[in-house]
Amino acid sequence: MSSPTQPSVTLSGSVTMPQLGLGVWQIPPHDVAQVVTDAVEAGYRAVDTASEYQNEAGVGDALADHRDIFVTTKLWNADQGFDETLRAFDASASRLRRDVIDLYLIHWPSPHRERYVASWKALARLKQEGRVRAIGVSNFTPAHLERIMVEVGETPAINQIELHPRFQRWDARAYHERHGIVTQSWSPLGQGTLMNDPILRRIADRHGKTVAQVIIAWHLHAGLVVIPKSVRSDRLIENIGVFDFRLDDLEVAQIVGLDAVDGRLGPDPDTATW
Ligand code: NAD
């Protein structure tokens, strides 16, 4: 099953990326190939993995006959540094069984290592050499972004950050927009913690949709790239069944009202110590 109406975004003015993809964090290596196969069957056109997820090989197996599926992977913190990054990229590309990766990200700035600028130089090199179609970062604050843009002269195509209705990241999004950086939402469903929210439930009931579908539609409406995760084939189908309804302005405003000062679920990139 595939949907011709799936929206996409443009990275760095030239690379088309599906706006909805499958995230595979915490999907065990022995399960991931089946989940990705189910997702492709359900109509997903993009998969988000990382070296740290230890499931790139399974993703590569599942996508061996699906070269058109957009693949993102990420450089792990311990592999930061110019030469180290080039080596880590080769290892990821080989596990994914691709010569060219669609999108390669620095997973975390890991500022205490003082290596993210050198790593970004390596990503710029990979792009120049045609080994990646687009390069970006994840969990970078505006200060980290500023530094790599000034010191390397290359703007990331995308920044993948924690973003969901309880943690909406308006400042980061405004900064990205000013610099032509696409914002991608990780843990877009709030890791499943938002399913009983009464406001989301009411909106979902009004459309005959589920809360997960309403949240995903909200990300799409906001122009965010969204990568919900599930291992269940019924939920994979549910989470992509979002292109046949639209939230109205009042519903969007109600969801905007769910933003919370204590909404962060994951670590703060400035203080994370790994
Ligand atoms: P998520 O917000 O996508 O939530 C996933 C969980 O929500 C599932 O495990 C399940 O419990 C629940 N769920 C999913 N579909 C549902 C449905 N239809 N109905 C009810 N419950 C449902 O969480 P996530 O996995 O943390 O984030 C998604 C992806 O983002 C990851 O798989 C990964 O690719 C990426 N990510 C990146 C970073 C980073 O540092 N760059 C960090 C975390 C996640």
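Phenylalanine 140 counts as buried because its relative accessibility is 3%, where buried means under 20% relative accessible area with a 1.4 Å probe and protein chains only. The model is a predicted one, in which local features need pLDDT of at least 70 and side-chain atom pairs count only at pLDDT 80 or more, while totals for chains, interfaces and linings use all residues. Residues are numbered from 1 along each chain as its sequence is written, and side-chain values use heavy atoms, without hydrogens and water.

Tyrosine 116 is buried as well, with a relative accessible area of 5%. Arginine 147 lies over the face of tyrosine 116, at 5.4 Å from the ring centre, the criterion being that NZ of Lys or CZ of Arg is within 6 Å of the ring centre and within 35 degrees of the ring normal. By the same criterion, the charged end of arginine 173 sits over the ring of tryptophan 170, 3.9 Å from its centre.

Elsewhere, threonine 73 lies in strand β5, residues 70–75 (strands are DSSP runs of E, at least two residues, and helices runs of H or I, at least four, numbered from the N terminus). Threonine 73 counts as buried because its relative accessibility is 0%. Its side chain is joined to that of glutamate 56 by a polar contact of 2.6 Å, that is, a pair of N or O atoms within 3.5 Å, of which, within protein, one must be able to donate a hydrogen and the other to accept it, residues adjacent in sequence counting only if both atoms are side-chain atoms.

Serine 51, in the loop between β4 (46–48) and α2 (56–63), is buried at a relative accessible area of 17%.

Technical notes: Buried means under 20% relative accessible area, exposed over 50%, partly exposed in between (1.4 Å probe, protein chains only).
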